[in-house]
Amino acid sequence: MEKPLVIAAPDVVAEQQRWLAQLTEERRLADKTAEAYERDLRQFLGFLTLHLGGPPKISDLADLRPLDLRAFMAERRREGAGARTLGRGLAGIRSFLRHLERKGLANAAGATATRAPKQPKSLPKPLSARDARRVVDADLQLSDEPWIAARDAAVLTLLYGCGLRISEALGLTRNDIPRDGESLRITGKGGKTRIVPLLPIARSAISDYLELSPFRPAADAPMFRGARGCPLQPAIVQKAMRALRSALDLPETATPHALRHSFATHLLAGGGDLRTIQELLGHASLSTTQVYTGVETSRLLEIYDRAHPRA
């Protein structure tokens, strides 16, 4: 990851470089998460430069008080940052200060004592089981090239049938499909790997695509290809989903990622336990998976309100 310049004294810049390396190499944070942390820290150091009247040094960070952090968050809120952005920014700053604390250079107590903004509650928006099946079973020729239609069908089937993130599906290689063809080896966030079952419908969709595709990438290269033979980009899958959404009259919330939400929600509704669903989704924390219980509860309440005579 490219490391942009930081407005800070040389001792802070040196520790910032070590912290970033630790995030990506030792803690194996996803690149986008590490980039967000770096950006948030850079904004904080820029704020401190104005707040203190000069580039902050390690000694300035050692003297930070909760009041300083609250002033930074107030400034970011005035700039239009929402609660989620502020919460992530505070998490990045805490991470850096804890890095300094472990080296005896600062005290992270002030950051730890600063309360993050209350996060708005939002639930994933899965498709109904009927609509998810319509997406996977759609026999629509949305491309003049049969192999492209087969490719898009295979990717969307993997998102719903295996609960993959779009980046995980597009990163699949032939080597990720064991010889028995009944499972997939997935490389998820932070380079963590997991094995997920490969349903017959998904296996068939992949076979159809590989048979029709004019490209034969190496066994360890991404197997899904764009029209010119380069690795397939997420924007192309999102475009295909928009076309399906229009053709099938699906809601605006029917996105590629909504298929992953649908996978989890429908498994839970069918009696799947949270631990298993956590493993299949590749969530590091069970609390991330538990959000789907809220989706199911919300769905049950809707059914009750619609159907019960005393509702």
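Which residues does the UniProt annotation "active site" cover? According to the record, an unreviewed entry, they are Arg165, Lys189, His257, Arg260, His283 and Tyr292. UniProt positions follow the numbering used here, feature names are shortened, and annotations may be inferred rather than shown by experiment. The lining of the largest pocket takes in Arg165, Lys189, His257, Arg260, His283 and Tyr292 from this set. A pocket is an open set of points on a 1 Å grid over the protein atoms alone, where a 1.4 Å probe fits, with protein on both sides within 12 Å along at least five of seven lines; lining residues have an atom within 4 Å of a point.

This is a predicted model, in which local features need pLDDT of at least 70 and side-chain atom pairs count only at pLDDT 80 or more, while totals for chains, interfaces and linings use all residues. Residues are numbered from 1 along each chain as its sequence is written, and side-chain values use heavy atoms, with hydrogens and water left out.

**The chain as a whole**

The chain has 15 helices and two strands. Both are DSSP runs numbered from the N terminus: helices are H or I with at least four residues, and strands are E with at least two. Of the 311 residues, 43% count as buried. Buried means under 20% relative accessible area, exposed over 50%, and partly exposed in between, with a 1.4 Å probe and protein chains only. Among contacts with a separation of 6 or more, 62% join residues 24 or more positions apart; a contact means heavy atoms within 4.5 Å.

**Two arginines of the annotated set**

Arginine 165 is found in the loop between α8 (146-161) and α9 (166-170). Beyond four places in sequence, arginine 165 touches Leu159, Gly188, Lys189, Arg194, Arg260, Leu281, Gly282 and His283. Arginine 260 is found in helix α12 (residues 256-269). With neighbours within four places left aside, the contacts of arginine 260 include Leu159, Arg165, Glu168 and His283.

**Accessibility of single residues**

| Residue | Relative accessible area | Class |
|---|---|---|
| Arginine 165 | 11% | buried |
| Arginine 260 | 3% | buried |
| Glutamate 15 | 7% | buried |
| Alanine 132 | 0% | buried |
| Aspartate 249 | 68% | exposed |

Glutamate 15 lies in helix α1 (residues 10-26). Glutamate 15 and isoleucine 58 are 43 residues apart in sequence, and their C-alpha atoms are 8.9 Å apart in space. Besides Ile58, glutamate 15 is in contact with Phe96, His99, Leu100, Lys103 and Leu105, leaving aside neighbours within four places in sequence.

Alanine 132 is found in helix α7 (residues 129-137). From alanine 132 to serine 262 there are 130 residues in sequence and 7.2 Å in space, C-alpha to C-alpha. Not counting residues up to four places away, alanine 132 touches Leu127, Tyr160 and His266.

Aspartate 249 is in the loop between α11 (234-248) and α12. Although aspartate 249 is not a glycine, it has a positive phi of about 55°.

**A pair of crossing helices**

Helix α2 (residues 31-52) and helix α5 (residues 83-102) have axes that come within 8 Å and cross at roughly 85°. Axes are lines fitted to C-alpha atoms, for helices over the stretch in contact, and angles run from 0 to 180 degrees between N-to-C directions. α2 is therefore roughly perpendicular to α5, a term for angles of 65 to 115 degrees. Among the residues making the contact are Tyr37 and Phe44 of α2 and Ile93 and Phe96 of α5.

Notes:
Angles under 35 degrees count as roughly parallel, over 145 as roughly antiparallel, 65 to 115 as roughly perpendicular and the rest as oblique.
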